[in-house]
Amino acid sequence: MADRRRLYTPPQLVPLTYVSVTKHVVRDIGTDHGYSADLNADALLAKFGSPLFVVSEHTLRERFRSFLDAFSDAGIDTRVAYSYKTNYLTAICAILHQEGAWAEVVSGVEMALAEHLHVPGGHILFNGPLKRRGELERAFALGATVNIDNFDELALVEQVVSGLDRPTKVGLRINFREGANPWTKFGFNYEDGAADEALRRIAEHPLLDLDLVHNHCGTFMLRHAIYGRSTDVLIDLARRARALGLTPTKIDIGGGFPSSNRLKPEYDFPGGTNWHDDMYLPYAEAVLSRLAKAKDAFGGQPMLILEPGRAVVDAAVQLLSTVVSVKQIAGRGRAVVIDAGVNLLPTAYWYDHAVVPAAADQRHDPATDVVDVYGPLCMQIDVVREHVRLPAAKVGQSVVIANVGAYCHSQSMQFIQCRPATVLIGADGPELIQRAEVWRDFFARDVVPERLLAHER
Ligand SMILES: Cc1ncc(COP(=O)(O)O)c(C=O)c1O
């Protein structure tokens, strides 16, 4: 008879995370926090149309460099693998690769882009819970690191590498329990023995070697202590791997670092996140201090890999938009409708994006209204920002929705309105890096059977 007993899981006390604390939060009335630059918006909008995404090359490079710098330390080889899905505008990825970024990809599509941009295979990390056989074959042919996510994928990897004539290095994604909402959908669990079993399987396979241990613990993680725990778990796993004869050299602690945006109060620390230039130092300290004492677990010279998305790209992109109407809404007060909506800004559901007049000299106009800012979609949920001070709000005014680099381009929806162009502001002035959508783009993939086109006139 099959043994139906389950492993005993001890009860746990879990600390409440900031997400659950909302009761005493005072509603924030936003001002121009997080945005102070002057973009010469009217000239840009006249040339490229409204709305318009604007990427600052300088800010992008500067954010990448300061992030890398925060995590750099003597004796540790630190690499930043940019998380493509955060914003895979080709020009953005190209700039970051010029800065030395590796590519963190989670699909065949993203891997194809990395290949198109000539990223060396050894600088590509392939993550995610769906990797098709053909994609795995391509990844191994390129020399990319595949971070195996689950036992079914491990079985597929075992099959694929059996057809190769050389040993193949892989990574293993690990999850662990921490707090009320742990990211345990991905990877092998540390506590229940799954990670150990995966290590054993890799150790027993004649053509597999383990080069990397990986964890990505969440997104916009405001508690840096979790990165300390992540590092401890991965160091322990690396040691267990070495005990089985494996030789990991890389530790990958993923992304999830906050950006200079502001979460809505219901998701934020009470009182609000206080982003500042040295924001990442405590995160780095949590990781580097542990790694410095555990170099042996990675063969003496660990390579530390980080996979930031929003921390690098959020502040580098602004959305310019134009006020199309100003109205009084029964029971709510003043409101403005602008020509950019949540189909471009899915982040408006969890961030309080700063919305400010594009012209810097209008920002301190005493005629300041507190308004709700709606988008142009024919949907009640199209709310870009509630309760924001918008000085001198009037039709035709151009506004900036600040810090929209992360998950806006890549998660934007083709819905009702065409998506706008994107320009890059670099040393040579504005350059178009993505054209605006036109109505035909909406229907470019449709196929209409001939018989449906015949109709009575
Ligand atoms: C595996 C992995 N790495 C990196 C990232 C980037 O996360 P963030 O933009 O929060 O830094 C993600 C996003 O969820 C991810 O799933």
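Me: Which domains does the domain assignment of the protein give?
Reply: In this predicted model, the C-alpha centres of the two assigned domains lie 33 Å apart. The assignment of the protein gives domain 1 (57-314) and domain 2 (315-436).

Me: Which element gives the largest share of the side of domain 1 that touches domain 2?
Reply: The contact takes 21 residues from domain 1 and 19 residues from domain 2. On the side of domain 1 that touches domain 2, the elements giving two or more residues are α2 (57-70) and α10 (310-313). With four residues, the largest share of that side comes from α2.

Me: How do the residues of the side of domain 1 that touches domain 2 divide into nonpolar, polar and charged?
Reply: This side of domain 1 contributes 21 residues to the contact. By class, its residues divide into seven nonpolar, seven polar and seven charged.

Me: With which residues is Leu345 in contact, leaving aside its neighbours within four places in sequence?
Reply: Once the neighbours within four places in sequence are left aside, the residues in contact with Leu345 are Leu319, Ala340, Val384, Ile401, Val404 and Cys408.

Me: Is Val356 buried or exposed?
Reply: Val356 is found in strand β13 (residues 355-357). A residue counts as buried if 20 or more other C-beta atoms lie within 10 Å of its own. Since Val356 has 25 other C-beta atoms within 10 Å, Val356 is buried.

Me: Which residues around the ligand are the closest?
Reply: The shell around the ligand has four nonpolar, nine polar and three charged residues. Of the 16 residues that surround the ligand, the closest are Ser83, Thr219, Gly255, Glu307 and Gly309.

Me: What radius of gyration does the protein have, against that of a compact globule?
Reply: The C-alpha atoms of the protein fill a box of roughly 70 × 60 × 55 Å, taken along the principal axes. For 457 residues, a compact globule would have a radius of gyration near 23 Å, and the value for the protein, which agrees with this, is 24 Å.

Note on methods:
Residues are numbered from 1 along each chain as its sequence is written. This is a predicted model: local features need pLDDT of at least 70, side-chain atom pairs count only at pLDDT 80 or more; totals for chains, interfaces and linings use all residues. A residue is near a molecule or strand if its C-beta atom, placed from the backbone, lies within 6 Å of it. Ala, Val, Leu, Ile, Met, Phe, Trp, Tyr, Cys and Pro count as nonpolar, Asp, Glu, Lys and Arg as charged, and the others, Gly among them, as polar. Two residues are in contact if their C-beta atoms, placed from the backbone, lie within 7 Å. A residue is buried if 20 or more other C-beta atoms lie within 10 Å of its own, exposed if 12 or fewer, and partly exposed in between; C-beta atoms are placed from the backbone. Domain bounds come from an automatic or database domain assignment. The radius of gyration is taken over C-alpha atoms; the globule rule is 2.2 Å times the number of residues to the power 0.38.
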